[in-house]
Amino acid sequence: MRTGNLSTWLLRGTYPRLYVPIVLIIVLVSTVRYHYLVATETDEVRRHAATELRRAGDALLPSLAALPASDRQAQATLLSEGIASFGPGIHSLKWQVDNEPATEARAPRLPATAPDWFAQWVNIAPPSQQFSQALSSGGAPGA
């Protein structure tokens with residue numbers, strides 16, 4: 001194996017002196033660009049998910065608060081309809097009144113549209129929000 005010093009390599013011609021630094025600059029710029037692109041997109045996804053959850057909470061809380069605490073079937077039906085109407089971004093809704101057992105509706109799991117390695121690299125945690133609504137009886141349930 002032949003070895004040489006850097007100055008000999010740089011003096012051999014225009015190709016190694018221009019090509020290698022230009023390729024390194026392109027790789028560096030692309031890496032920085034895609035890093036910020038992915039970061040911006042993940043922030044946008046988080047904002048969109050928070051907006052969808054807020055919209056679901058604002059629409060469902062008054063309807064759920066109007067139902068009696070013992071009518072778990074009506075609560076489950078309303079939560080299931082809420083999941084269906086607010087799109088695929090909401091995976092589950094849970095309603096609990098004081099010390100009563102919680103009522104929960106879950107959406108069916110959709111197949112992943114991104115490769116596993118990409119989902120692990122981006123690492124977007126599912127959003128979660130808690131809302132409360134004052135009941136006419138004075139209690140404060142959460143959804």
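1. Let me start with the surface: Tyr19, Val20, Val23, Leu24 and Val27 make a nonpolar patch of about 420 Å². Patches here are made of residues with over 30% relative accessible area and no salt bridge, with nonpolar side chains (Val, Leu, Ile, Met, Phe, Trp, Tyr) joined within 5 Å and like charges within 9 Å. The accessible areas come from the Shrake-Rupley method with a 1.4 Å probe, and for residues only the protein chains shown count as cover.

2. A word on the basis of these values. This is a predicted model, in which local features need pLDDT of at least 70 and side-chain atom pairs count only at pLDDT 80 or more, while totals for chains, interfaces and linings use all residues. Residues are numbered from 1 along each chain as its sequence is written, and side-chain values use heavy atoms, with hydrogens and water left out.

3. Tyr19 has a relative accessible area of 45%, so it counts as partly exposed. On this scale, buried means under 20% relative accessible area, exposed means over 50%, and partly exposed lies in between (1.4 Å probe, protein chains only).

4. Now for the charges. Side chains of opposite charge can pair when their charged atoms come close. The model has five salt bridges, each being a side-chain nitrogen of Lys or Arg within 4 Å of a carboxyl oxygen of Asp or Glu.

5. One of them joins Glu44 and Arg47, at 2.8 Å from N to O. Both residues belong to helix H2 (residues 14-66) and are three residues apart, about one turn of the helix. Glu44 is partly exposed, at 41% relative accessibility.

6. Helix H2 also holds Asp58 and Arg54, four residues apart, again about one turn. Their side chains form a salt bridge at 3.4 Å, N to O. Asp58 is partly exposed at 47% relative accessibility, and Arg54 is partly exposed at 42%.

7. Another salt bridge pairs Arg106 with Glu104, with N to O at 3.2 Å. Arg106 is exposed, with a relative accessible area of 63%, whereas Glu104 is partly exposed at 38%.

8. Finally, do have a look at Thr42, also in helix H2. Thr42 has a relative accessibility of 11% and therefore counts as buried. Leaving aside residues up to four places away in sequence, Thr42 touches Val122 and Ile124, where contact means heavy atoms within 4.5 Å.

Note on methods
Helix = DSSP H or I, 4+ residues; strand = E, 2+ residues; numbered from the N terminus.
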